Amino acid sequence: MSTRFTVVLDDELYRETKVRAASDGVALKELVEGALRAYLAGEPAVPRPRFSWEKWDRWQDEAEALDVELGPGPDDLSDIKYHLYGYPKAGAERGLTLKLAEEPAPYNANQR
Amino acid sequence: MRIFLDASAMVPMELPQDQHRPRLDVVMRRLRMAHGDNLEFVTTNWTLYEALAQARRRGWQASMQLFQRIEELADIVPVDESTEVEALHRFLRWRDKSASVVDYANALVAQARRCQAVLSFDADFVPLTAAAGLRLLA
């Protein structure tokens, strides 16, 4: 069952939406319904990027290739607090280790 | 499964020589087995900027590649004004915590976006993760 409803939109917004929808091959009805469903579900109106392992694998291959090209490099750039905030290095020096943090709640891949 | 992605996990995604790369590989392998393509990654613009700054130390190409892939694979949430105010408030209120304003903002966004877990190798972020009721993948 469908319900007809009328809304008054800003001219420019309507024009841009219509042009974009046409180029994306999406009907305006679908677009509005999608936005309303997303709103009701508390989701952003813009579709989220979809994760895929295919894209992930491609990225990892590219990253490996670039790494080979760049040669040896630092291994601690993920220590954001040390590099960007001037904290001491993570680990034993600061008395903070991920191992300790993990103990109470280890990750279980089988548990959703 | 919706996972919040922290900068400490984003960097080893781009840099294979990183110290946390072996851990990241294990986590990603488990996620692939358990969830297949049914995964969503969420992060914030602030977190992405932290990771980009770090990747830039390795070279322009690394930061560009990281930016393009994260944009493709993750939902990058811009930190809005109310989140920023609350994150700053929490940062200033908790004297004994070593988390940053960005960490507090991340925890707020992770909750608001109903993430079930956080992928992070930053021990300062761990207490916030637990307080927010999020599972830590590390």
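User: What distance should the 14 residues of helix 1 (residues 11-24) of chain A span at 1.5 Å a residue?

Analyst: This is a predicted model, in which local features need pLDDT of at least 70 and side-chain atom pairs count only at pLDDT 80 or more, while totals for chains, interfaces and linings use all residues. Residues are numbered from 1 along each chain as its sequence is written, and chains are lettered from A and ligands numbered from 1 in the order in which they are written. Helices (H or I, at least four residues) and strands (E, at least two) are DSSP runs numbered from the N terminus, and the expected span of a helix is 1.5 Å times one less than its number of residues. The end C-alpha atoms of helix 1 of chain A are 20 Å apart, which agrees with the span that its 14 residues should have, 20 Å.

User: How many of the 14 residues of helix 1 of chain A are buried?

Analyst: A residue is buried if 20 or more other C-beta atoms, placed from the backbone, lie within 10 Å of its own, exposed if 12 or fewer do, and partly exposed in between. Of the 112 residues of chain A, 9% count as buried. Helix 1 of chain A is hardly covered, and the count of buried residues among its 14 residues is 0.

User: Which residue follows helix 1 of chain A with a positive phi?

Analyst: Chain A has 5 helices and 0 strands, in the pattern α-α-α-α-α along the sequence. After helix 1 of chain A comes a residue whose phi is positive, near 70°, and that residue is A:Gly25.

User: Which helix of chain B gives the largest share of the side that touches chain A?

Analyst: Two residues are in contact if their C-beta atoms, placed from the backbone, lie within 7 Å, and the contact between the chains takes 35 residues from chain A and 44 residues from chain B. Several elements of chain B each supply at least two residues of the side that touches chain A, including helix 1 (7-14), helix 2 (21-35), helix 3 (45-58) and strand 5 (135-137). The largest share of that side, 6 residues, comes from helix 4 of chain B.

User: How many charged residues does the side of chain B that touches chain A have?

Analyst: Ala, Val, Leu, Ile, Met, Phe, Trp, Tyr, Cys and Pro count as nonpolar, Asp, Glu, Lys and Arg as charged, and the others, Gly among them, as polar. By these classes, the side of chain B that touches chain A has 20 nonpolar and 9 polar residues, and its charged residues number 15.

User: In what order do the 5 strands of the open sheet in chain B stand?

Analyst: Two strands pair if DSSP finds at least two bridges between them. Strand 1 (residues 2-5) of chain B is joined by 3 bridges to strand 2 and by 3 bridges to strand 4 (residues 117-119), while 4 bridges join strand 2 to strand 3. The edge strands, each pairing on one side only, are strand 3 and strand 5 of chain B. The pairing is parallel, and the order of the strands in this open sheet of chain B is 3-2-1-4-5.

User: Which residue in strand 4 of chain B is the bridge partner of B:Phe4?

Analyst: In strand 2 of chain B, B:Phe41 stands opposite B:Ile3, and in strand 3 of chain B, B:Val77 stands opposite B:Thr44. For B:Phe4, the bridge partner in strand 4 of chain B is B:Val118.

User: Which residue takes a positive phi just after helix 6 of chain B?

Analyst: Helix 6 (residues 101-112) of chain B reaches 17 Å from its first C-alpha to its last, close to the 16 Å expected, and 9 of its 12 residues are buried, among them B:Tyr104 and B:Leu108. In the loop between helix 6 and strand 4 of chain B lies B:Arg114, which is exposed, with 10 other C-beta atoms within 10 Å. The residue is not a glycine, yet a positive phi of about 55° is taken just after helix 6 of chain B by B:Arg114.
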